[in-house]
Amino acid sequence: YDRASLEPFQKEFYIEQDDIRKMSPEEVAEVRLNMDNLVIKGSGCPNPVTRWSQLGLNTQVMDIITNRLNFKNLTPIQSQALPAIMSGRDVIGISKTGSGKTISYLLPLLRQIKVQRDLGPGETGPLGLIMAPTRELAQQIYEEAKLFIGQDASMSCICCTGGSELKTQIQSFKRGVKIVVATPGRFIDLLTINGGKLVNTRRITFVVIDEADRLFDMGFEPQITQIMKSIRPDKQCVLFSATFPTKLRNFAMRVLRKPLSITVNSANMVNEKIEQSFVVCNTPADKFGALVSILSTQQQQQDEQQDSNHNELSDDNDEKTIIFVASQQICDLVDGQLSRNGFDVITIHAGKEYQERINNLEKFKNTPNSILLCTEVMSRGLNVPEVSLVVIYNAIKTFAQYVHTTGRTARGDHHGKAISILDPEDLTAAYILTKTMRPDQLESHSSEQVSILQKMSAEFKAGLESGKYKLSTGFGGKGLDNLDFKRDAKE
Ligand code: ADP
Ligand code: MG
């Protein structure tokens with residue numbers, strides 16, 4: 001392609017609304033965690049949206065989404081891929097099957113194609129190309145495209161797959177077609193018909209590689225590469241897949257330009273090695289009793305360990321505990337109460353002198369089976385591998401806090417447990433726990449406890465949707481230390 005001869009086209013259609021643009025990095029991180037742990041790679045990604053109305057979609061599209069399809073909320077991949085693609089970016093979207101990937105690329109594609117110059121005499125199109133691995137998938141995408149195109153006669157769309165009539169496809173191209181949904185093999189066939197004179201790729205400005213992992217499994221890589229080579233280099237290209245094996249990654253890096261990769265990663269929000277559990281107490285006053293019972297159990301296990309090791313304490317069986325509380329005041333209060341109950345605890349909070357904090361931390365590191373009582377903010381960056389138990393005494397209010405506090409245990413190849421103590425008011429924490437705990441971790445609790453947790457969680461979720469509740473109003477008021485968080489995430 002001679003760049004000078006390429007007809008310009010518009011890629012950017014997205015205007016970030018004020019309230020979305022003004023989100024702090026902490027708020028953005030929290031929304032992404034809530035959206036099944038959206039992980040972004042690449043720079044300049046727009047903030048995620050949480051409502052359809054924030055996307056600036058036209059009224060027909062909004063009508064189809066809200067009234068015909070009845071989609072209340074965006075799926076996680078949609079909340080991030082839609083603004084990114086509508087900003088003109090090349091995007092890699094990784095999200096499991098059934099998570100709404102189709103709309104994530106279809107709406108931006110239709111919008112980009114819609115504003116372009118119509119096909120001139122002799123131009124066959126297409127302007128937009130969607131590649132999918134099988135006839136059935138291509139057909140489904142085609143149906144969905146047709147739904148959004150509706151009565152718009154200027155937006156022709158056809159489906160070209162191996163099983164269907166080549167003749168009719170050729171006829172369609174002769175009339176001119178703006179959007180093609182195709183399997184790669186059939187599209188190549190069409191490109192070669194009539195010595196390449198029937199279909200040409202000159203005007204393609206938007207390419208979708210859907211179900212990329214399956215396209216690769218089915219051996220379509222050479223065909224896709226060939227097709228991509230024939231398309232103008234400044235096209236917009238997006239790739240969607242349920243999985244992202246190395247082979248596909250290498251291909252994507254070759255074919256896409258400065259892509260943003262957006263991965264929905266619900267399973268990995270909290271380190272998989274951490275055994276997560278919870279206790280919902282009947283009243284806030286019962287929480288201390290629950291704490292004592294947890295610590296006693298831990299101590300008992302340590303004593304048994306020690307017995308079986310002939311009283312020798314080695315690093316291998318040093319099992320430290322951290323208890324997280326919401327404030328200095330609670331820290332001092334619980335410290336006093338625990339001492340009276342015979343537990344020796346070390347405390348760190350912002351009210352203590354710097355030197356005392358350092359000394360206490362050293363003591364915690366050097367004393368086997370020690371217990372640290374501290375506020376969440378104070379524990380940032382704390383790296384003590386022997387911590388095998390984290391007790392969250394004051395329920396967390398944000399995903400970031402939960403990921404951070406639980407992340408104090410199971411470091412390196414150590415094992416770890418995280419127990420949250422809730423009272424019936426702790427709806428946010430219940431919601432966060434239901435989203436971060438694996439089904440098998442939930443099932444290890446009594447069915448009564450699980451149903452209490454789920455009820456609390458459902459109440460919070462309803463409040464989140466109605467606007468009554470909000471995430472990201474965590475204790476400490478400082479939000480999340482972004483750098484610290486990133487480092488932890490990397491570890
Ligand atoms: P994927 O391509 O990720 O496998 P699809 O795009 O085929 O997923 O969507 C799966 C199903 O979910 C479809 O029936 C689709 O209509 C529906 N769907 C898509 N987006 C939403 C949404 N925001 N809310 C509810 N359902 C949705
Ligand atoms: Mg799909």
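**Exercise 1. The ligand site**

Task: Determine which atoms of Lys 101 lie 2.9 Å from an oxygen atom of ligand 1, and describe the surroundings of the ligand.

Solution. The model is a predicted one.

Step 1. A polar side-chain atom of Lys 101 is found 2.9 Å from an oxygen atom of ligand 1.

Step 2. The side chain of Thr 102 places an N or O atom 2.6 Å from an oxygen atom of the ligand. Ser 99 contributes through its backbone instead: an N or O atom there lies 3.0 Å from a ligand oxygen.

Step 3. On its own, ligand 1 has 570 Å² of accessible area, of which the protein covers 69%.

Step 4. The ligand is surrounded by 13 residues, the closest being Asn 73, Gln 78, Gly 98, Lys 101 and Thr 102. Sorted by class, this shell comprises eight polar, three nonpolar and two charged residues.

**Exercise 2. Helix α12**

Solution. 

Step 1. The buried residues of α12 are Lys 287, Phe 288, Ala 290, Leu 291, Val 292, Ile 294, Leu 295, Gln 298 and Gln 302. An α-helix has 3.6 residues a turn, so residues three or four places apart point the same way.

Step 2. Between the C-alpha atoms of Gln 299 and Gly 467 the distance is 44 Å, with a sequence separation of 168 residues.

**Exercise 3. Backbone geometry in the loops**

Task: Identify where Glu 211 and Ala 410 lie and whether each is buried or exposed, and state what kind of peptide bond joins Gly 125 and Pro 126.

Solution. 

Step 1. Most residues other than glycine have a negative phi, and most peptide bonds are trans.

Step 2. Glu 211 has a positive phi, near 50°, and sits in the loop between β6 (206-209) and α9 (212-217). Because its relative accessibility is 18%, under the 20% cut-off, Glu 211 counts as buried.

Step 3. Ala 410 likewise has a positive phi, about 55°, without being a glycine. This residue lies in the loop between α15 (399-406) and β14. With 3% relative accessibility, Ala 410 therefore counts as buried.

Step 4. The bond between Gly 125 and Pro 126 is cis, with omega about 5°. Pro 126 is located in the loop between α5 (101-114) and β3 (128-131).

**Exercise 4. A loop contact and the whole fold**

Task: Find which backbone atom the side chain of Asn 394 reaches, then characterise the protein as a whole through its secondary structure and burial.

Solution. 

Step 1. Asn 394 occupies the loop between β13 and α15. At 14% relative accessibility, Asn 394 counts as buried. Its side chain reaches the backbone nitrogen of Ala 326 at 2.8 Å.

Step 2. The protein contains 19 helices and 14 strands. Of its 491 residues, 53% are buried.

Step 3. The C-alpha trace spans about 90 × 45 × 45 Å along its principal axes. The protein exposes about 23100 Å², 49% of which is supplied by carbon and sulfur atoms.

Methods: Residues are numbered from 1 along each chain as its sequence is written. Chains are lettered from A and ligands numbered from 1 in the order in which they are written. This is a predicted model: local features need pLDDT of at least 70, side-chain atom pairs count only at pLDDT 80 or more; totals for chains, interfaces and linings use all residues. Side-chain values use heavy atoms; hydrogens and water are left out. A residue is near a molecule or strand if one of its heavy atoms lies within 4 Å of it. A polar contact is a pair of N or O atoms within 3.5 Å; within protein, one must be able to donate a hydrogen and the other to accept it, and residues adjacent in sequence count only if both atoms are side-chain atoms. Accessible areas come from the Shrake-Rupley method with a 1.4 Å probe; for residues, only the protein chains shown count as cover. Ala, Val, Leu, Ile, Met, Phe, Trp, Tyr, Cys and Pro count as nonpolar, Asp, Glu, Lys and Arg as charged, and the others, Gly among them, as polar. Buried means under 20% relative accessible area, exposed over 50%, partly exposed in between (1.4 Å probe, protein chains only). Helices (H or I, at least four residues) and strands (E, at least two) are DSSP runs, numbered from the N terminus.
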